[in-house]
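Biologist: I have a structure open and would like to go through it with you. Shall we begin with what the inside of the protein looks like?
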Amino acid sequence: MAARIVFPNASLLSTSRRPHRPLIVTSAAVSHQSLSASITTAPTTISLKSARRAEQNPHASLPTWRDIQGGDNWDQLIQPLHPLLRQEIIRYAELVMACYKAFDLDPSSKRYLNCKHGKSKMLREVGMASAGYEITKYIYATPDITIPTQPSTRCSRWIGYVAVSTDEQTSRLGRRDILVSFRGTVTNTEWIANLMSSLTPARLDPHNPRPDVKVESGFLSLYTSDDTTRRFTSGSCREQLLSEISRIVSKYKNEEEFGITLAGHSMGSSLALLLGYDIAELGLNRTASGSEIPITVYSYGGPRVGNSGFKARCEELGVKVLRVANVNDPVTKMPGVFFNEKLELPWISSGSCYAHVGVELALDFFKMKNPACVHDLDEYIGWLKCANKMNVKKNEGVDILSKIRDFFISQRFDDSWAAPWQDGGRHRGELVQSPRAKA
């Protein structure tokens, strides 16, 4: 039976919020040789100091937890990348990585397409016993897609979890943290859902459909579809999440410092952003006193989710999004490879083009012998961890195809090079996490 969701009073949904000026990082890069960035806030471009200076003097300016969570759009924290922000980016990425490690992909297992471990011991079993969170609910999603040769493709599968910070962790963070962590694409039907790249109105607010707010149909389907093939069901991914978050917010309603953090990789980052928008649109982050609980999305290797109307509405609602993206990762350029926020043609409406939401922290890594690494979450974490050891060097961002071309010109190859490139092509097309991350 689907969980019951109590929607807030319609008057709360129409409460105006103070708009903010978006901050866009245009050319940040972390690689094995460089860490470079420039921040653009229209109409000027600001070049900031070396990241190493921040590492050598981390107490020069200590941001509050609200700053770290994007309260001021991460102004002055991206470049140089503040050590406290880097620490949080890595911490949340590892909490997402836990989903991959715990997901059971063995067809012969009784837990196939589910988590290998119970809620009480999952983090401990994946090596994160000291993470400081208690998992309160597992979340399941159902791709609204059927593959004739695979009868179980439309069944629900484990997609992530909801957790709450312990009292000790709450004291360290300076707030009670509600965390929702999503894994990325690992099954065929999820891959097909990723390729359903047509925009459709989100219509998540029953009191105001907002037809101009459009999102990618595959992600929306995964978020809202239910497994109707089973006698007992926990409801759609959306119903499970909104019900659990509402319950937790009510439980801790007397807490003075509170935050909601949504983190995901690849497809999971799309679900995280949809959830963040949904919570804010419905006003579920508004307390009885009228204050708003901050909503922050940490997106790792995430694709575009919606159109310019969706982007504008997220900004209006105050949903903070930090996109950690490898400039060589093709997933971050999809959907809308051609029709996106960079296209300016008078005969094409901006509402029909995809647009990224939030502030970007752009990494730059690539391995010739393993092209698939450009989308691997473990690689993202590795490069973030070693970023503090690097010198700052101006990097204008060489296109990945240029890197490949230059390398091939300078090298001679034998047949042993075919396998990794074929594997890399498969991963680049499927938006998937590398198998070793799930071991």
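Modeller: This is a predicted model. The lining of the largest cavity divides into 6 nonpolar, 4 polar and 2 charged residues.

Biologist: Which residues line the largest cavity?
Modeller: The largest cavity is lined by Ser269, Leu273, Ser299, Gly302, Pro303, Arg304, Val305, Val321, Arg323, Ala355, His356 and Val357. Helix H10 (267-282) and strand E14 (320-326) are the elements that give two or more residues to this lining.

Biologist: What volume does the largest cavity have?
Modeller: The volume of the largest cavity is about 70 Å³.

Biologist: And how many cavities of 30 Å³ or more does a search of the whole structure find?
Modeller: The search finds 1 cavity of 30 Å³ or more.

Biologist: Let us step back to the overall fold. How many helices and strands does the protein have?
Modeller: The protein has 14 helices and 16 strands. Of its 439 residues, 54% are buried. Among contacts with a separation of 6 or more, 72% are between residues 24 or more positions apart.

Biologist: Is Cys115 buried or exposed?
Modeller: Cys115 counts as buried because its relative accessibility is 2%, and the cut-off for buried is under 20%. Cys314 also counts as buried, at 0% relative accessibility.

Biologist: What is phi of Trp74?
Modeller: Phi of Trp74 is near 60°, which is a positive value in a residue other than glycine. Trp74 is in the loop between H3 and H4. With 1% relative accessibility, Trp74 counts as buried.

Biologist: And what is phi of Arg203?
Modeller: Arg203 has a phi near 50°, again a positive value in a residue other than glycine. Arg203 sits in the loop between strand E9 (199-201) and strand E10 (214-216).

Biologist: Why is Arg203 classed as partly exposed?
Modeller: The relative accessible area of Arg203 is 48%, so Arg203 is partly exposed; that class lies between under 20% for buried and over 50% for exposed.

Biologist: Let us look at some individual contacts. Which residues is Leu220 in contact with, leaving aside neighbours within four places in sequence?
Modeller: Leu220 is in contact with Thr200, Pro201, Ala202, Leu204, Val215 and Leu274, once those neighbours are left aside. Leu220 belongs to helix H8 (residues 217-224). Leu220 is buried, with a relative accessible area of 11%.

Biologist: How are Leu220 and Leu271 placed, C-alpha to C-alpha?
Modeller: Their C-alpha atoms are separated by 8.1 Å, and Leu220 and Leu271 are 51 residues apart along the chain.

Biologist: Then Gly132: where does Gly132 lie?
Modeller: Gly132 lies in the loop between helix H5 (122-125) and strand E6 (133-141). Gly132 is buried, at 16% relative accessible area. Not counting residues up to four places away in sequence, Gly132 touches Val164, Ser165, Thr166 and Gln169. For Gly132 and Gln169, which are 37 residues apart along the chain, the C-alpha separation is 5.2 Å.

Biologist: One last residue. Is Arg86 buried or exposed?
Modeller: Arg86 counts as buried, because its relative accessibility is 6%. Arg86 lies in helix H4.

Biologist: How far apart are Arg86 and Lys385, in sequence and in space?
Modeller: Arg86 and Lys385 are 299 residues apart in sequence, and their C-alpha atoms are 8.1 Å apart in space.

Key: Residues numbered from 1 in each chain as written. Predicted model: local features only at pLDDT ≥ 70, side-chain atom pairs only at ≥ 80, totals over all residues. Heavy atoms only, no water. Buried < 20%, exposed > 50% of the residue type's maximum accessible area, 1.4 Å probe, protein only. 1 Å grid on protein atoms, 1.4 Å probe; cavity = no way out; pocket = protein on both sides within 12 Å on 5 of 7 lines; lining within 4 Å. Points joined across faces, edges and corners; volume = space filled by probe spheres on them. Helix = DSSP H or I, 4+ residues; strand = E, 2+ residues; numbered from the N terminus. Nonpolar A, V, L, I, M, F, W, Y, C, P; charged D, E, K, R; others polar. Contact = heavy atoms within 4.5 Å.
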